[in-house]
Amino acid sequence: MAIPYSKRMLVQRIRKHMADGYPNDDFSASTNEIMLYVDQALAMQIRAAAYENAKVEGVLEVPEAFLVTFQLDAPVYDDFTNEWVSTLPQTPISLPIGYSINSGYIADVSNGRSQDIIWIKGKRIGYRRNLPKMDGIYGRVENNTVRLQASNYMSLLGLNIFIQMPFSRTKDLDEPMALPDDVIDAIFMRVVTMLKDRMSIPKDIILDDLPAGNKSS
Amino acid sequence: MTTDINSHMPLKEIVSFAMDEVQSSEAAFDRYWLLAFRALVKLKISMAAEPATVRMPVSPNKTVPFPPGSITWTKIGVLNDHGELSSLKINRGLTTWKDTNPNRLSQIGNADIQSGLPFLLDSPYFFNYYQNGVFQPLFGVGGGLIQYGSCTVDEENRVVVLEPDFRYDHIFFEGIFAPEKNGDYTVPITLLEPIVAFIKWKDKKGTREEFISESIEARRSMPKKRMSLQVINQVLRESEAMKLRS
């Protein structure tokens with residue numbers, strides 16, 4: 001069993017790399033700040049990995065390691081549209097639906113997992129009413145909300161909604177990170193590059209045993 | 001989902017097969033189901049529909065409304081005493097004028113030509129073989145069909161229009177009926193590959209030619225259209241006749 005690799009470990013590694021050792025209080029990039037850089041780089045890497053796959057296999061695919069399943073808050077009824085609204089743990093990254101949200105379903109102890117939620121792009125909702133419809137729960141995503149409606153307008157009150165999606169934010173710094181190890185390198189490089197900009201540290205001069213400043217000879 | 005191979009399978013399952021084949025995401029499900037629905041309509045109409053037969057009473061105005069749920073008709077006839085359906089002649093001359101009117105008969109009774117040619121339907125059975133009280137083949141005259149009446153179909157008003165002196169109380173209506181929908185449709189398993197090919201074609205992942213060849217292959221293996229030795233034997237025996245051979 002490998003040691004779980006948490007976001008805190010990655011942040012510490014980056015801090016040590018930047019400070020050339022354990023950073024002291026003068027080191028201005030805080031853990032939270034670096035965490036934000038990591039989150040930002042991770043989102044880019046999810047997209048990169050999906051499109052990489054498309055180039056190799058011809059199929060858009062988000063690697064499973066990025067996926068996390070969340071139970072959403074109990075859905076709230078929207079009187080105006082007859083939809084049930086719940087909030088996603090984060091705004092989905094900009095992949096097409098089906099990849100930005102991998103799947104969704106209802107589950108409970110006595111019935112197990114339901115059929116998957118049938119995802120529809122928001123722009124299709126209008127004319128979709130004129131087309132034949134199969135039984136099931138239809139869902140659309142808008143910003144960080146998910147809006148669900150059963151084909152027979154059944155109440156979704158109290159149902160447990162689960163959503164599986166690639167997750168690029170941090171919920172807990174000490175949880176194992178949801179990413180395949182091979183993208184750690186890219187994230188590390190990206191964050192270090194951004195931090196170099198941010199801290200304006202001319203690292204090559206620090207590390208090559210030469211005195212700081214311009215060479216006079 | 002069962003792994004048994006049955007004669008029919010749900011449309012959803014076929015959609016899942018298609019999604020698996022092209023490794024698509026869950027979001028394509030709805031779109032693929034609609035494509036599968038279109039494929040089903042196409043295949044049903046062209047080859048796969050199983051006609052159902054209902055017996056319908058003839059209305060007093062000698063018309064018969066289509067039974068509910070019927071998409072189209074395939075055969076209209078009367079039942080004979082051998083348990084066979086004896087089809088009616090399709091008479092394009094019959095007018096569909098006022099065919100939904102309960103007083104249709106009195107309306108068309110007011111005809112412009114009152115002294116028509118003698119009506120020969122009194123002896124319908126030997127129509128083309130009758131001469132001078134004996135029944136014999138007439139040289140140069142086609143055999144004709146033995147008909148128990150004639151009808152025409154008003155597709156728009158969904159009624160079968162019978163001739164004014166149609167003699168029977170009921171007709172048999174054989175037609176293609178809308179598939180029963182219970183959350184999903186159940187489809188003959190022979191349609192699995194054509195529907196998958198249709199979805200791939202419409203999703204730009206396959207070609208129309210693939211769909212057509214899958215359809216042809218499926219049609220040849222449809223339960224009622226499959227050739228068996230028994231059928232070939234029957235065709236040969238029935239086409240055997242005393243005749244000139246080249």
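This is a predicted model: local features need pLDDT of at least 70, side-chain atom pairs count only at pLDDT 80 or more; totals for chains, interfaces and linings use all residues.

Tutor: Residues are numbered from 1 along each chain as its sequence is written, while chains are lettered from A and ligands numbered from 1 in the order in which they are written.

Student: What makes α2(B) oblique to α4(B)?

Tutor: The axes of α2(B) (residues 29–48) and α4(B) (residues 192–202) come within 9 Å and cross at roughly 125°. Angles under 35 degrees count as roughly parallel, over 145 as roughly antiparallel, 65 to 115 as roughly perpendicular and the rest as oblique; α2(B) is therefore oblique to α4(B).

Student: Which residues of α2(B) and α4(B) meet?

Tutor: Among them are Tyr32(B) and Leu35(B) in α2(B), and Phe198(B) and Lys202(B) in α4(B); contact requires C-beta atoms, placed from the backbone, within 7 Å. By class, this contact of α2(B) with α4(B) has ten nonpolar, no polar and one charged residues.

Student: Why are α1(A) and α4(A) called oblique to each other?

Tutor: The axes of α1(A) (residues 7–19) and α4(A) (residues 184–199) cross at roughly 45° and come within 11 Å. The two helices, α1(A) and α4(A), are therefore oblique to each other.

Student: How many residues are in contact between chain A and chain B?

Tutor: In chain A, 15 residues are in contact with 13 residues of chain B.

Technical notes. Axes are lines fitted to C-alpha atoms, for helices over the stretch in contact, and angles run from 0 to 180 degrees between N-to-C directions. Helices (H or I, at least four residues) and strands (E, at least two) are DSSP runs, numbered from the N terminus. Two residues are in contact if their C-beta atoms, placed from the backbone, lie within 7 Å. Ala, Val, Leu, Ile, Met, Phe, Trp, Tyr, Cys and Pro count as nonpolar, Asp, Glu, Lys and Arg as charged, and the others, Gly among them, as polar.
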